[in-house]
Amino acid sequence: MALIALLAFASTAYAVPSVPVHTQEFTKKISAERIYQHIAKLADRDDARIAGFEGEHRAADYIARELEKYGLNVERQVFPFLAFQDRGSEVQVVEPEPRNLDSQTMTYSPATPEEGLRAELVYAGLGSEEEFAQVDAKGKIALIKRGEYTFYEKTQNAAKSGAVGAIIFNNASGNINGTLGEPTDIPAASLSDAEGESLKALLEQGIKVTVTMKVDAVLKNSYSQNVIGTIPGKKGGPFKERKTIVVGAHYDGVDTPAANDNASGTGTLLELARVLSKKPMYHDVKVIFFGAEEAGLVGSTHYVESLDPREIADIAAMINMDMVGVGDTMGVMTAEEGAVSFVADRAEEYIRAYGHPYRRTVSDRSDHAPFEAAGIPVVFLNYGPDPNYHTDEDTVDKLSKNNLYNMGVLVTTLTHDIANDKNLPERGAAFSAEGLKGEKRFHNPEFANR
């Protein structure tokens, strides 16, 4: 997941720190080729790992088998999930002059009948109940402008007014990569600002506009899962002093091969698990492969919400990898600006010592965000930019093995060193997951619900 808004550049005039002492050991043990081969298996086709479908389930099986080979204790945290697959949409103007429009399906839109819908278009402003009360939408397709209300609210208001379909056009340049958040009573698609405004102008001139609309989508009740491998702390000290270090990556993808997003983080995390499984460490390390991230950080949120306050307090740090194979600059992120995170600070120190170009930024659009919301220090590490993000060009051949290697060495060293630190920062009061209720963040900054 992540096209990141780079908000701050923090690598200013600091003294260059010493290279972490265990780096040399891990430079010899981390294999970029092994990471690459994991990715090749996970991203070997189009629509490789859409959440809730067979490809994601197949990937979970692969991950679990690999972890078991390394001797990790493996569990699967299964949760119900409404699976959605977009197979395309079409919007065409029939009259006054025939033309094809460039539409996108709203995520969680139900499908139209196979033959599609044909109806007169009616403009309903921003799609409020009051605006629909002023127009005759019955049996028509509602044209609605983006803004103020969620896409779900707009579409359901159209349905309540008797409309058979909804077309939402952008209020900014370009089309909308949007989600309804949950299924609506009528199908919904989106258009760019330019195409929507042109249709609106015709209607405002009193010209009758008839359109056809087709949405080909699959909605089904299914499941996703988090695959969790544990490397127990083996070094001395009473058990109650041990903490847990979580290292995570999501393994689901959008309707692409999803090589960089995020088979790259998944493959790198598997390699970390292999190497650290052979290392005695003081604290427990949990490697967690999250499902259904692309649908709104569903797997990671489910995991954090499943923890009681004691378990949350026992997690000393969370390290997240997402999109680590493409680009020339590392990203070091917390979810919120100003968040206090010793693990993000330490990651930044290590990267500076290695001499990698990087940016210290913020993003709440990946699986670290629910952990930070529960009071856990986090760091989100990635590479960027990726010009093939969320496109069918997100394929294995675009990946840099050098990036995979750099990230593998960095995260393995960072995890190992924190897992052997007996003087981890105190967190103070135990936190809970209550603040997560109702939260839904999306990997794609344009994957909006309003």
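Start by selecting residues 54–69, helix H3: at 1.5 Å a residue its 16 residues should span 22 Å, and the end C-alpha atoms sit 23 Å apart, which agrees. (The expected span is 1.5 Å times one less than the number of residues; helices are DSSP runs of H or I with at least four residues, strands are E runs of at least two, and both are numbered from the N terminus.)

Before you click on: this is a predicted model, where local features need pLDDT of at least 70, side-chain atom pairs count only at pLDDT 80 or more, and totals for chains, interfaces and linings use all residues. Residues are numbered from 1 along each chain as its sequence is written, and side-chain values use heavy atoms, with hydrogens and water left out.

**Stop 1: around H3**

Stay on H3 and colour its buried residues: Gly 55, Glu 56, His 57, Ala 59, Ala 60, Tyr 62, Ile 63, Ala 64, Glu 66 and Leu 67. (Buried is under 20% relative accessible area, exposed is over 50%, and partly exposed is in between, with a 1.4 Å probe and protein chains only.) Now bring up what they pack against: helices H2 (32–42) and H7 (259–276), plus strands S1 (73–95), S9 (210–231) and S11 (284–290). Contact here means heavy atoms within 4.5 Å.

Just past the end of H3, click on Gly 71, which takes a positive phi of about 85 degrees. Then go to the loop between H2 and H3 for Asp 47. Asp 47 has a positive phi too, near 50 degrees, and it isn't a glycine. Is Asp 47 buried or partly exposed? Asp 47 is partly exposed, at 30% relative accessible area.

**Stop 2: two cis peptide bonds**

Select Glu 95 and Pro 96: the bond joining them is cis, with omega about 15 degrees. Pro 96 is in the loop between S1 and strand S2 (99–101).

Next, pick Asp 261 and Asn 262, where the peptide bond is also cis and omega is near 5 degrees. Asn 262 belongs to helix H7.

**Stop 3: Leu 297**

Jump to the loop between S11 and helix H8 (298–305), and you'll find Leu 297. Leu 297 isn't a glycine, yet its phi is positive, about 55 degrees. It is buried, with a relative accessible area of 1%.

**Stop 4: Glu 348**

Finish in helix H10 (residues 342–354) by selecting Glu 348. This residue is buried, at 9% relative accessible area. Which side chain does Glu 348 join in a polar contact? Show Tyr 358: the two side chains are joined by a polar contact of 2.6 Å. (A polar contact is a pair of N or O atoms within 3.5 Å; within protein, one must be able to donate a hydrogen and the other to accept it, and residues adjacent in sequence count only if both atoms are side-chain atoms.)
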